Amino acid sequence: GTAHAATHAESAMECGVAADMAVVAHSLAREQIQRPKADAIMVRIYDVSESDRGKELLRDITDAAYGAQEQAGASAGGTASSQEFAEALYTTCMKRGGDMDTILGRRS
């Protein structure tokens, strides 16, 4: 498969929603909630069932949160706090016009 960029936010409000999603996803990852259950929780909190872009953004953020925890080893205390993760995502989103690839990465 080819790599593609993460979903881009289209407004400052979407950057804020993405940051909020990041807090929740990172918190679920830190608590070592199993990914299928975390996905179900995220979908319930953020009603994205009617939006392909919303679903993709939710998946990108959850992938990044869980990936960061796996890399750091959640049993060793995990990565930065959920707030720091969200702030980094929001700042990047705002400075780069909705582009969050540096935080969320590219998927194959």
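Author: C15 and C93 form a disulfide in this predicted model, with their sulfur atoms 1.9 Å apart. The count of disulfides comes to one. The torsion about the S-S bond is -75 degrees, and the link of C15 and C93 is left-handed. The pair links distant parts of the chain: C15 belongs to helix 1 and C93 to helix 4, 78 residues apart. Both C15 and C93 are buried.

The two helices that carry these cysteines can be taken in turn. Helix 1 has 19 residues. From its first C-alpha to its last, helix 1 reaches 27 Å, close to the 27 Å expected at 1.5 Å a residue. Besides C15, the buried residues of helix 1 are A18, A19, M21, A22, A25, H26, L28 and A29. Helix 1 is followed by Q32, which has a positive phi, near 60 degrees.

Helix 4 gives a similar check on its length. Its 14 residues should span 20 Å at 1.5 Å a residue, and the end C-alpha atoms of helix 4 are 20 Å apart, so the two values agree. C93 is one of the buried residues of helix 4, and the others are S82, F85, A86, L89 and T92. Seen down the axis of helix 4, these buried residues fall within an arc of 135 degrees, which means that they line one face of the helix. An α-helix has 3.6 residues a turn, so residues three or four places apart point the same way. After helix 4 comes G97, whose phi is positive, near 60 degrees.

The largest nonpolar core has 25 residues. Those with the most contacts inside this core are M21, M42, L57, I61, L89, M100 and L104. The elements that give two or more residues to the core are helix 1, helix 2, helix 3 and helix 4. Helix 1 provides the largest share, eight residues. In soluble globular proteins, nonpolar side chains tend to be buried together.

Charged pairs make a second set of links. Side chains of opposite charge can pair when their charged atoms come close. The count comes to six salt bridges. R35 takes part in a salt bridge with D39, the closest N and O atoms being 2.7 Å apart. D39 and R35 are separated by about one helical turn, because they are four residues apart in helix 2, which covers residues 35-45. D39 has 30% relative accessibility and so counts as partly exposed. R35, at 23%, therefore counts as partly exposed too.

R35 also forms a salt bridge with D63, where the closest N and O atoms are 2.7 Å apart. This pair links distant parts of the chain, with D63 in helix 3 (residues 52-72) and R35 in helix 2, 28 residues apart. D63 has 30% relative accessibility, so this residue counts as partly exposed.

Another salt bridge, between K55 and D52, has an N to O distance of 3.7 Å. K55 and D52 both lie in helix 3, three residues apart, about one turn of the helix. K55 is partly exposed because its relative accessibility is 36%, whereas D52, at 62%, counts as exposed. Elsewhere, salt bridges that share partners join E10, E14 and R53 into one network.

These parts sit in a protein of five helices and zero strands. Along the sequence the pattern is α-α-α-α-α. Of the 108 residues, 36% count as buried. Among contacts with a separation of 6 or more, residues 24 or more positions apart account for 73%.

Key. Residues numbered from 1 in each chain as written. Predicted model: local features only at pLDDT ≥ 70, side-chain atom pairs only at ≥ 80, totals over all residues. Heavy atoms only, no water. Salt bridge = Lys/Arg side-chain N within 4 Å of Asp/Glu carboxyl O. Buried < 20%, exposed > 50% of the residue type's maximum accessible area, 1.4 Å probe, protein only. Core = buried A, V, L, I, M, F, W, Y, C linked by side-chain atoms within 4.5 Å. Disulfide = S-S within 2.5 Å. Expected span 1.5 Å × (residues − 1). Arc of directions from axis to C-beta. Contact = heavy atoms within 4.5 Å.
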